[in-house]
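Take a look at the structure below. The paragraphs after it walk through a few of its residues.

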Amino acid sequence: MAGIDNIRDNSFDRLSEEERKRRARNGGKASAEARKRKRLMEQEADILLSRKCTTKAGKAALEELGLKTGSNQMAMIAQQVKKAVEGDMSALNWLRDILGEKPAEKMDSSIKTVFGFEGIDDEISG
């Protein structure tokens with residue numbers, strides 16, 4: 001169910017103007033609160049990830065890559081690098097994704113030139 005059917009099936013089209021405004025206002029407040037919680041969680045994660053790594057596994061992963069110390073974030077990436085080198089495809093995909101090398105994102109910008117359709121609009125319009 002999508003679009004106008006969703007509105008009709010839930011009787012939103014029969015609400016008074018005041019009730020629609022009240023619900024919209026409440027929805028806006030809830031949305032603002034959700035954005036605030038998400039922003040706070042991102043800030044807290046950033047703080048924890050930037051702290052010095054103190055776990056045995058994290059330190060070991062850093063040392064394997066020739067680093068004496070590093071942040072929790074660096075230790076996590078080091079562990080993923082280790083897994084990727086050992087052949088773990090999900091770790092390899094994760095690393096590729098955080099580097100901004102997702103195939104779908106790269107493909108969209110170059111489809112016209114890959115198939116040789118560059119300038120096709122000029123040929124069609126004459």
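Gln 80 touches Ala 91, Trp 94 and Leu 95, leaving aside residues up to four places away in sequence. Contact here means heavy atoms within 4.5 Å. Gln 80 sits in helix α4. Helices (H or I, at least four residues) and strands (E, at least two) are DSSP runs, numbered from the N terminus. Gln 80 has a relative accessibility of 19%, so it counts as buried. The cut-offs are these: buried is under 20% relative accessible area, exposed is over 50%, and partly exposed lies in between (1.4 Å probe, protein chains only).

This is a predicted model, in which local features need pLDDT of at least 70, side-chain atom pairs count only at pLDDT 80 or more, and totals for chains, interfaces and linings use all residues. Residues are numbered from 1 along each chain as its sequence is written, and side-chain values use heavy atoms, with hydrogens and water left out.

Now turn to the loop between α3 (56-64) and α4 (72-85), where Leu 67 is found. Leu 67 is partly exposed, at 30% relative accessible area. Together with Leu 65 and Met 74, Leu 67 forms a nonpolar patch on the surface. The three share about 230 Å² of accessible area. Such areas come from the Shrake-Rupley method with a 1.4 Å probe; for residues, only the protein chains shown count as cover. Patches are made of residues with over 30% relative accessible area and no salt bridge; like charges are joined within 9 Å, nonpolar side chains (Val, Leu, Ile, Met, Phe, Trp, Tyr) within 5 Å.

Charged pairs come next. Side chains of opposite charge can pair when their charged atoms come close. A salt bridge is a side-chain nitrogen of Lys or Arg within 4 Å of a carboxyl oxygen of Asp or Glu. By this rule there are 6 salt bridges.

One of them joins Lys 21 to Glu 17, with the closest N and O atoms 3.4 Å apart. Why can these two meet? They are 4 residues apart in helix α2 (residues 17-50), so about one helical turn separates them. Glu 17 is partly exposed, at 46% relative accessible area.

Which residues are linked in a network of salt bridges? Glu 19, Arg 22 and Arg 23 are. Arg 22 meets Glu 19 at 2.6 Å, N to O. These two are 3 residues apart in helix α2, about one helical turn. Arg 23 also forms a salt bridge with Glu 19, at 2.9 Å between the closest N and O atoms. Here the spacing is 4 residues in helix α2, again about one helical turn. Arg 22 is partly exposed at 36%, and Arg 23 is partly exposed at 39%.
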